Amino acid sequence: ARIIRLAEYKEPDYWIKNTQLVIRIFDGYTEVSSELTMVKNARVDGLPTLVLDGVEQTIKQLHFDDTEISQYQYSDDKLTVQPVAEEFIFKAVTRIDPENNTSLEGLYKSGSMYCTQCEAEGFRKITFYLDRPDVMATFTTRIEADKASFPTLLANGNPIDEGELENGRHFATWQDPFVKPAYLFAAVAGDLVRKDDSFTTCSGREISLRIFAEPRNAHKTDFALDSLKRSMKWDEKRYGREYDLDIFMIVASDFFNMGAMENKGLNIFNSAAVLANQETSSDDRFERIEAIVAHEYFHNWSGNRVTCRDWFQLSLKEGFTVYRDAHFTSDMHDATVKRIKDARFLKTVQFPEDSGPNAHPVKPQEYQEINNFYTVTIYEKGAEVVGMINTLIGEDLFRKGSDLYFERFDGCAATTDDFVACMQEVSGYDFTQFKRWYTQAGTPTVVVSQHYDAEQQQYQLSFSQSQKPTPGQSEKLPMVIPVKMALLNAQGDELAIDCDADFNQQTQVLTLTEAQTTVTFSGVSEQPYASLFRDFSAPVRVEFELSEAELLLLASKDKNAYNRFDAVQKIYLDTLIAMIKNGDNQTPSLVLDVVRASLADNALSPAIKSLMLALPSYQLLVDSLQQKVDADALVAARQAMKQSIANSFKAEWAELTLSLQSEQAYQFNAEQAGRRELQALTLSYWAETGDAAALDFAKALYQQANNQTDRLNGLKAVLDNGSDALVSDLLDDFYQRWHEDTQMVETWLLLQASAKGVTIDTIKALMQHEAFDITNPNKVRSVLAGFMNNFTSYHQKDFSGYDFIAQRIIQLDAINPQVAARFVTALENWKVFSGQRAEAMKQALQSIADSQGRSPDVSEKVEKALA
Ligand code: HT7
Ligand code: ZN
């Protein structure tokens, strides 16, 4: 397989200054005419051959200026031609086949509309191009199509012309004055309804905002429009970023490989990531939509105005933009809840990636298929790295650094080094060692030990950091690790800190740079309680042996709400791990004490309470075990603990569930969402006790709900604990009522695939259902990702889940390699499991490796997993 290496980066031989496109859509084929104004790269000698990217192009005509090109070579997705001058217009007329493009990259048909997806390398499926992010051009795009079927014709930039053509056809022309790489190109043709709004920018410019959706979804666009306006305002206030074009558009598409795409001025969204209303969208869906709308909008600066030089720099735009959207969500809602959820996600999904066969640095050194690198490491760990820069230099200097970065690289393609250099320039902080966070894969482990000397009134903390080897990187060097911390007394009050280390009094951050660091704190008059890594100040694993008394104090009195949550979770986790190791599934009193204390604490918000009372997921447990996992023992231990917590507080669960019922009119906000989240949790414990009243309550919640959150909370409790008859009654009812709503059908599929005890036969039946469509990634994800995340069913005792998934990956690979490759993740960490289970997972991977006609996407992931 071809390996692309960062070390081999070289500027292109030619630049493209301007791109003129005409896309003529006909039934059965599309013709694309392009005119690329090109100039030789002044740093290159001679007149090199021009090598353009192009996939599945049927060539009709090629010209240099007005001269037809008769000599060319088109093979292996490259077109090679010989220019005769340093400046020229390369012209191509080609045909493509969007109707049969199931990869959903390039131009494809999504239901009745045509749309594009060009990141990372989809533009080459539209026309011949230098399809790399450092080649930036202005674009003019004309789209022609049948007017009755496709009244809406959109592309990037501002509309400059439109008109009628012969045979009932029409055209629209759009011009984008900002230079951009091809991955930000977009075009849409469809029969869409439009919802309009406007936004006045900080300098007083009025921007026209438009959301386009298919007519049946017209009632679901308001929330995204409001989210967009909030995002625009926030980016002005927090980052000084004003929107630039006169118009900003969002289009909802039912067939989409990911969440959304930040094409300049014309974001295209997965319908599930933009369409919402209270009847069909739950609180977490509203939160996700708001965050994705913000994320794509923020890319207008972090990604579009300043783009990436090459794909190794992907985290430059993605890590920074995730960091920005997380901050936005914190500002809009509850900062602690957001931090808890983000840290929990990182530990559950990114830590396993970092310790598995696909571990890669935030700035990878090489790849085979770039689509495989849209990972939690690039996105979420990348965001943590940006967050640590903020922690180290402080918010004000961080903002100065970001202003400098946007100003200096506006209209350019930049690198992560450029970004860090701006931060260094404004702060004077030396980031040389810190940059290992970009180049070293894997999660550091920090082992902490403590010693108190009452006589000297001295307290010592010793930190020792280490990192396991990752594929291709055996040597690991010490990292810069910011430890936000406090020392607490027995009342949970914070002590003044006087120590001999690099401790910033203002930010309360201790910075570790060595493999071993011992910090001595003076004037400590009683044995303190150390609250370390507050707010998850670094993406590291922490090993710190604490006594029960210490854990209980942190779990009940730490003023840092994130750390309080973390201490509670540590108690559950450590106990579960001990139960698994000892084969003893009795829940110790410590756990019940913590649950009792959290339940009784009226100062805790419902949202935080629900996070504290939820047991760690199976996935998090697998990662935390750090030894070969006996999945059956793990399931038994967690189920026993859940049962024991449920039964020990049966009356409390019932009472709380009832008291959390509210007559308030539904609104999506942090306060109401927290209440509903806590009710879902208390109801699930109550239902777990087998109390018939709990199921009656759940059924009524489902039936009487006027919003999707309550409806799903009721239904999930029934699905997990109700009789087969009740379950099928409610599922039938759901489908009957909502089968015409795509998002509801996706939810209906997901609910069943994630339900307790689901069997492969049920999954197969779902895949045969009229609502299922294997060419639609959302439907596939609902059923297959739903099943793979359903730990007890996927890892069932007879191991049949693995082969089933392997066969589905092979089936899907022929349709949509990008989506198929993502499912390999569910098999790749086979080495963490013990005995025959690991063998069965490996065999499933091997059967994919042995299959015919695999895509490069799936091959790369499977080969790495088997290496
Ligand atoms: N920048 C985008 C990443 C992306 C993508 C989106 C949709 C379909 C395929 C895609 N490939 C890569 C989305 C984002 O991070 O904002
Ligand atoms: Zn992004």
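**Close-up 1. Residues around ligand 1 in the predicted model.** The shell around ligand 1 holds 13 residues, a residue being near a molecule or strand if its C-beta atom, placed from the backbone, lies within 6 Å of it. Gln-117, Glu-119, Asn-257, Met-258 and Met-261 come nearest. β20 (260-261) and α2 (283-298) are the elements that give two or more residues to this shell; helices (H or I, at least four residues) and strands (E, at least two) are DSSP runs, numbered from the N terminus. The shell has five nonpolar, four polar and four charged residues (nonpolar: Ala, Val, Leu, Ile, Met, Phe, Trp, Tyr, Cys and Pro; charged: Asp, Glu, Lys and Arg; polar: the others, Gly among them).

Residues are numbered from 1 along each chain as its sequence is written, while chains are lettered from A and ligands numbered from 1 in the order in which they are written. In this predicted model, local features need pLDDT of at least 70 and side-chain atom pairs count only at pLDDT 80 or more, whereas totals for chains, interfaces and linings use all residues.

**Close-up 2. The open sheet β4-β8-β7.** The three strands are paired antiparallel in that order (two strands pair if DSSP finds at least two bridges between them). β4 (50-53) and β7 (73-75) are at the edges with a single partner strand each, so one side of each has no neighbour in the sheet.

**Close-up 3. Pairing of β4 with β8.** Four bridges join β4 to β8 (residues 78-81) in the antiparallel sense. Val-51 has Thr-80 of β8 as its bridge partner.
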